[in-house]
Amino acid sequence: MVADPHRLPPGQVLTQKWPVLHYGPTPHYKPADLERWRLRVYGAVEAELELSLDELKALPAVDISCDIHCVTTWSRLDNTFHGVAFPTLLARARPRPEAAFAVFH
């Protein structure tokens, strides 16, 4: 891929792969783990949520495309992510006016 020079910030190096930077072992999940998995939204919200993975996947999803420019100097262009948009979850939880944060656990 030849990068449009206007899309690559100064000092960045274009990559095609996903540099994976993490600390510790990579977690491995069994099907039973995913059956017990829950996304919980709570705090200063009108409606606390607890969704199973299947319930989360049943919500409306979107595709979002973006470029990623990492502080470690790599850039990856035209990335597409698919999933439930954060505003969809916020609309269901309905943060109270005094809410400064919502906790997703």
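Q: Buried means under 20% relative accessible area, exposed over 50%, and partly exposed in between. What makes Cys70 count as buried?
A: In this predicted model, Cys70 has a relative accessibility of 18%. That value is under 20%, so Cys70 falls into the buried class.

Q: Why does Cys66 count as partly exposed?
A: Cys66 has a relative accessibility of 29%. This lies between the cut-offs of 20% and 50%, so the label is partly exposed.

Q: How do you know that Cys66 is in no disulfide?
A: A disulfide needs two cysteine sulfur atoms within 2.5 Å. A search of the whole structure finds zero disulfides. For Cys66, the nearest cysteine sulfur belongs to Cys70 and is 13 Å away. Looked at from the other end, the sulfur of Cys70 has Cys66 as its closest cysteine partner, and 13 Å is too far for a bond.

Let's move on to charged side chains.

Q: Why is the pair of Arg7 and Asp67 called a salt bridge?
A: The closest N and O atoms of Arg7 and Asp67 are 2.7 Å apart. The cut-off is 4 Å, so this pair qualifies. Side chains of opposite charge can pair when their charged atoms come close.

Q: What makes Arg7, Asp67 and Asp78 a network?
A: Arg7 takes part in two of the pairs: one salt bridge goes to Asp67, and another goes to Asp78, with the closest N and O atoms 2.7 Å apart. Through these salt bridges the residues Arg7, Asp67 and Asp78 are linked. Asp78 sits in strand 5, so its pairing with Arg7 ties together parts that are 71 residues apart in sequence.

Q: Which accessibility class do Arg7, Asp67 and Asp78 belong to?
A: Arg7 has a relative accessible area of 28%, Asp67 has 28% and Asp78 has 49%. Each value lies between 20% and 50%, so each residue is partly exposed.

Q: How many salt bridges does the whole structure hold, and what is the distance for Asp33 and Arg36?
A: The search finds four salt bridges. One of them joins Asp33 and Arg36, whose closest N and O atoms are 2.8 Å apart. Both residues lie in helix 1 (residues 31–36), three residues apart, about one turn of the helix. Arg36 is exposed at 58%, since that is over 50%. Asp33, at 25%, counts as partly exposed.

Now for the sheet and its surroundings.

Q: Why is one side of strand 1 and of strand 4 left without a neighbour in the sheet?
A: The open sheet has three strands in the order 1-5-4, with mixed pairing. Strand 1 (13–14) and strand 4 (62–69) stand at the edges with a single partner strand each, so one side of each has no neighbour in the sheet.

Q: What makes strand 1 and strand 5 a pair?
A: Two strands pair if at least two bridges join them. Strand 1 and strand 5 (residues 74–83) have two bridges and run in the parallel sense. Val13 has Trp74 as its bridge partner, and Leu14 has Ser75. Strand 4 and strand 5, in turn, run antiparallel with seven bridges; Ser65 stands opposite Thr80, and Ile64 opposite Phe81.

Q: Why does Gln12 count as buried, and what does its side chain reach?
A: Gln12 has 15% relative accessibility, which is under 20%, so the residue is buried. Its side chain reaches the backbone oxygen of Trp74 at 2.8 Å. A polar contact of 2.9 Å also joins the side chains of Gln12 and Ser75. Both distances are within the 3.5 Å cut-off for polar contacts.

Q: Which residues form the largest nonpolar core?
A: Nine residues do: Leu39, Val41, Val45, Leu49, Leu51, Leu56, Leu59, Leu89 and Ala93. Strand 2 (38–43), strand 3 (49–52) and helix 3 (86–93) each supply at least two of the core residues. Leaving aside neighbours within four places in sequence, the contacts of Leu49 include Leu39, Val41, Leu89 and Ala93.

Terms used:
Residues numbered from 1 in each chain as written. Predicted model: local features only at pLDDT ≥ 70, side-chain atom pairs only at ≥ 80, totals over all residues. Heavy atoms only, no water. Core = buried A, V, L, I, M, F, W, Y, C linked by side-chain atoms within 4.5 Å. Buried < 20%, exposed > 50% of the residue type's maximum accessible area, 1.4 Å probe, protein only. Helix = DSSP H or I, 4+ residues; strand = E, 2+ residues; numbered from the N terminus. Contact = heavy atoms within 4.5 Å. Polar contact = N/O pair within 3.5 Å; in protein donor to acceptor, adjacent residues only side chain to side chain.
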